[in-house]
Amino acid sequence: MFTHTHALQYEAKPDGPDAAYARRLQEVLGGQWGEMTVATQYLLQGWNCRLPGKYKDLLLAIGTEELAHVEILVTLIDRLLDHQPLKPDSADRTKEAAAGFGNTNPQHAIVNGGGAYYRDSMGLPWSGGYVTASGNLMADFNYNATAEMMGRLQVARLYNMTDDPGVKDTLRFLLARDHYHQMQWLKAIEELKVDGLENIPVPEAFPMDEEPQEFAYAFLDASDGPDAASGSWASGPAIDGTDKQLSARPIEATADAPILPPGDPRLYGTPPMPGETMLQKAKDLLK
């Protein structure tokens with residue numbers, strides 16, 4: 001069950017309209033790493049979670065908070081669109097004025113009547129395909145941490161694209177929440193390990209003795225760069241709870257070159273050998 005409170009979680013009042021900047025803000029509303037993505041992602045992970053208790057409650061709590069951030073951004077964009085120019089100013093024929101009008105999103109006016117929508121800064125529709133809910137909390141929490149990092153990165157870039165004090169104030173709040181949420185997911189990852197629920201590699205429950213060990217702990221260097229194997233990922237102890245050591249070696253082919261059998265003639269692929277004989281054989285098979 002959901003309820004809605006009209007009061008915003010944090011203020012979203014620009015000091016003045018800016019239709020061009022409203023278009024840019026669409027990225028962190030309806031883009032791949034925007035608030036619509038993380039809100040629906042955390043909620044879906046929570047609704048699907050079959051483990052009752054703190055992890056399920058965490059997902060539902062943060063997902064609901066992210067819905068509040070969706071409303072904050074929609075409100076901010078709506079206010080930035082106040083007095084959106086609907087056509088070039090006949091009194092101002094400067095290149096700067098023309099460029100400013102050209103940087104606005106015409107769909108804000110034509111499609112939404114001066115409002116925000118679930119699309120990115122280029123007008124591409126938000127997609128449920130951006131949402132990940134694997135059913136494995138270790139995999140999902142790592143992905144969630146990445147989502148918060150990408151979201152904060154984009155908001156930080158947008159922060160440097162405006163001089164509006166009111167907009168900057170709202171973005172500072174979102175930056176602070178993304179900061180906390182990064183730490184939250186990283187803490188939750190460590191707690192999964194402490195609780196003995198999941199560890200590396202994901203899924204931990206898959207028997208590791210089914211893996212060929214010579215590939216499970218080896219960095220295969222497929223680059224001619226001299227430093228690819230110079231990090232801790234190529235030497236030292238593994239971090240999967242075993243006593244294995246990591247190593248590095250050049251990549252090599254371990255199987256023969258593939259030779260595929262002739263294709264199904266009913267699919268009309270090109271025969272593997274040229275000449276009338278093969279072509280005739282294919283035609284004969286179709287009779």
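Helices are DSSP runs of H or I with at least four residues, numbered from the N terminus. The expected span of a helix is 1.5 Å times one less than its number of residues. This is a predicted model, in which local features need pLDDT of at least 70, side-chain atom pairs count only at pLDDT 80 or more, and totals for chains, interfaces and linings use all residues. Residues are numbered from 1 along each chain as its sequence is written, and side-chain values use heavy atoms, with hydrogens and water left out.

**View 1. Helix α8 and its two ends.** Helix α8 has 30 residues. From first C-alpha to last it reaches 44 Å, close to the 44 Å expected at 1.5 Å a residue. At its start, a side-chain oxygen of Asp 164 comes to within 2.9 Å of the backbone nitrogen of Gly 166. Gly 196 follows the helix, with a positive phi near 70°.

**View 2. Lys 168, a buried charge in α8.** Lys 168 belongs to helix α8, residues 165-194. Lys 168 is buried and has no salt bridge. Buried means under 20% relative accessible area, exposed over 50%, and partly exposed in between (1.4 Å probe, protein chains only). A salt bridge is a side-chain nitrogen of Lys or Arg within 4 Å of a carboxyl oxygen of Asp or Glu. The nearest side chain of opposite charge, Asp 163, is 5.4 Å away; here Lys and Arg count as positive, Asp and Glu as negative, and His and the chain ends are not counted. The Lys 168 side chain does reach the backbone oxygen of Thr 162, at 3.3 Å. Leaving out residues up to four places away in sequence, Lys 168 touches Tyr 159, Thr 162 and Asp 163 (contact: heavy atoms within 4.5 Å).

**View 3. The largest nonpolar core.** A nonpolar core is a set of buried Ala, Val, Leu, Ile, Met, Phe, Trp, Tyr and Cys residues joined through side-chain atoms within 4.5 Å. The largest holds 24 residues; Tyr 21, Leu 25, Ile 77, Leu 80 and Leu 171 touch the most other members. Helices α1 (19-25), α2 (27-30), α3 (35-48), α4 (54-80), α7 (137-159) and α8 each supply at least two residues of this core. Helix α4 gives the most, with six residues. Not counting residues up to four places away in sequence, Leu 25 touches Leu 73, Leu 76, Ile 77, Leu 80, Leu 158 and Leu 171. Another core, of 16 residues, lies apart from it, with Tyr 42, Met 138, Phe 141 and Ala 145 among them.

**View 4. Pro 17 against Leu 80.** Pro 17 sits in the segment before α1. Pro 17 and Leu 80 are 63 residues apart in sequence, yet 4.1 Å apart in space, C-alpha to C-alpha. With residues up to four places away in sequence left out, Pro 17 touches Arg 79, Leu 80 and Asp 82.

**View 5. Thr 64 on helix α4.** Thr 64 is located in helix α4. Its relative accessible area is 35%, so Thr 64 is partly exposed. The Thr 64 side chain reaches the backbone oxygen of Leu 60 at 2.7 Å. Beyond four places in sequence, Thr 64 touches Phe 2 and Leu 43.

View 6. Among the buried residues are Glu 35, Thr 37, Gln 41 and Gln 45. Their cover includes α2, α4, α7 and α8. The end C-alpha atoms of α3 are 20 Å apart, which agrees with the 20 Å that its 14 residues should span at 1.5 Å a residue.

Conventions: A polar contact is a pair of N or O atoms within 3.5 Å; within protein, one must be able to donate a hydrogen and the other to accept it, and residues adjacent in sequence count only if both atoms are side-chain atoms.
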